[in-house]
Amino acid sequence: MKKSILALSAIIALTFTSCDSDDDTTPVVPKSTFELVAGNLKGDITDGTVTLDPNETYTLTGALVVKSGATLVIPAGTTIKTDADLPSTSLYIAVERDATININGVSGNPVVMTSGKAEPAQSDWGGLVVCGNGIANTGANGTTEVGGLSYGGTDNGDSSGKINFLRIEYTGSKFSPEKEFNGVSFFAVGSGTEVSNIYTYESGDDGIEFFGGAVNASNLAIVNSYDDSLDFADGFAGTLTNVYISGVTKAGVEGSNNGSNDIADPITNAKINNISIVKGSDAKFTASEQAINFKEGGGKQAYTNLFVDGIATACKLDSGSGATARIAAGEFTVTDYQFTATGADLNGATFSGATTATGASNGAAEPTWLAGIK
């Protein structure tokens with residue numbers, strides 16, 4: 001009984017603070033709506049640091065938002081499952097600008113975020129949304145399409161913390177065809193953020209998407225996404241190293257500059273080193289927008305060591321968007337490449353160097369580093 005009373009006191013302390021006003025009629029104002037009761041997670045973490053227990057399996061029972069100035073630490077081995085009975089769009093984890101998330105998974109013991117349904121499927125819940133103070137060519141104060149969070153600024157070196165060894169599954173719930181979650185969404189996240197070893201599986205929309213910012217990331221595995229697999233836009237200026245994509249519904253990679261203004265500054269300037277794009281054997285994976293979809297101005301894109309399996313068109317151009325002019329100007333380049341489909345169509349892009357490639361490390365096969373996340 002004593003432990004229960006102490007636990008209840010801790011919950012109350014986390015949830016409420018008294019008002020400083022001398023007016024006794026002023027209502028008590030919540031300090032934080034964050035709730036951690038019997039392993040259930042939801043609400044706003046408004047200040048301080050909340051560290052989860054890796055020995056606990058948590059249930060996400062609503063949106064969990066890390067507010068500006070607060071920190072959420074998720075140790076290696078922690079599992080978060082979503083409530084199977086709640087609307088999918090109400091279940092997501094978000095990190096505001098000037099907040100911090102530290103996902104501290106390690107090889108063989110990742111952090112897991114997944115569906116709580118008995119028969120999980122794509123779009124069972126939202127996903128992870130991280131916002132920063134980086135530069136986006138959509139403006140310095142954008143609003144995320146899901147969650148309504150502010151993002152963007154002038155600091156491409158900004159840090160939102162770290163994400164290491166994360167397995168995130170069955171994400172991508174939709175409000176509408178134009179308003180949907182990805183597995184992981186990075187909004188203007190800066191290069192001070194550490195990102196490595198993320199595995200997204202069965203996302204109902206994109207697996208991972210970068211909206212502006214300059215965060216660098218390595219060891220990204222995106223498997224079975226039902227829109228694009230990897231997406232970047234809005235002036236993204238990071239480097240992605242070791243990317244494995246398998247199960248392609250639309251594009252393996254969709255690279256854009258700006259959906260409203262093809263020549264918006266700063267121009268997207270993405271570098272992708274060591275990437276495998278594998279269509280997948282299931283008939284539902286059609287790669288309808290090909291290996292790389294260069295659209296909405298495209299920006300500058302440089303690929304090194306590209307391996308494409310089962311997709312005949314290496315580069316799809318979004319006609320009328322300035323993409324053709326950028327390719328003609330040499331702003332889309334591929335150095336060292338290999339295609340398993342014969343007669344691959346390059347659409348005028350510049351492909352050079354060796355015609356054999358290892359991609360993410362093993363060509364069409366899963367890279368060895370993925371075993372530590374799965």
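Trainee: What share of the contacts between residues at least 6 apart in sequence join residues at least 24 apart?
Mentor: In this protein that share is 63%. Contact here means heavy atoms within 4.5 Å.

Trainee: Thanks! What kind of model is this, and how are residues numbered?
Mentor: This is a predicted model: local features need pLDDT of at least 70, side-chain atom pairs count only at pLDDT 80 or more, and totals for chains, interfaces and linings use all residues. Residues are numbered from 1 along each chain as its sequence is written, and side-chain values use heavy atoms, with hydrogens and water left out.

Trainee: How many helices and strands are there?
Mentor: The protein has 2 helices and 28 strands. Those are DSSP runs, numbered from the N terminus: helices are H or I with at least four residues, strands are E with at least two.

Trainee: And what's the radius of gyration?
Mentor: The radius is 21 Å, close to the 21 Å that the globule rule gives for 374 residues, so the protein is as compact as a globular protein of that length. The radius is taken over C-alpha atoms, and the rule is 2.2 Å times the number of residues to the power 0.38. Along the principal axes, the C-alpha atoms fill a box of roughly 75 × 40 × 35 Å.

Trainee: Switching to burial: what percentage of residues count as buried?
Mentor: Of the 374 residues, 53% do. Buried means under 20% relative accessible area, exposed over 50%, and partly exposed in between, with a 1.4 Å probe and protein chains only.

Trainee: Is strand β13 enclosed or open?
Mentor: Strand β13, residues 161–169, has 8 of its 9 residues buried, so it is largely enclosed by the rest of the structure.

Trainee: Last one: where does S229 lie?
Mentor: S229 lies in the loop between β19 (217–225) and β20 (230–233). At 0% relative accessibility, S229 counts as buried.

Trainee: What does S229 touch?
Mentor: Leaving out residues up to four places away in sequence, S229 touches several residues, including D206, I222, I245 and A251.
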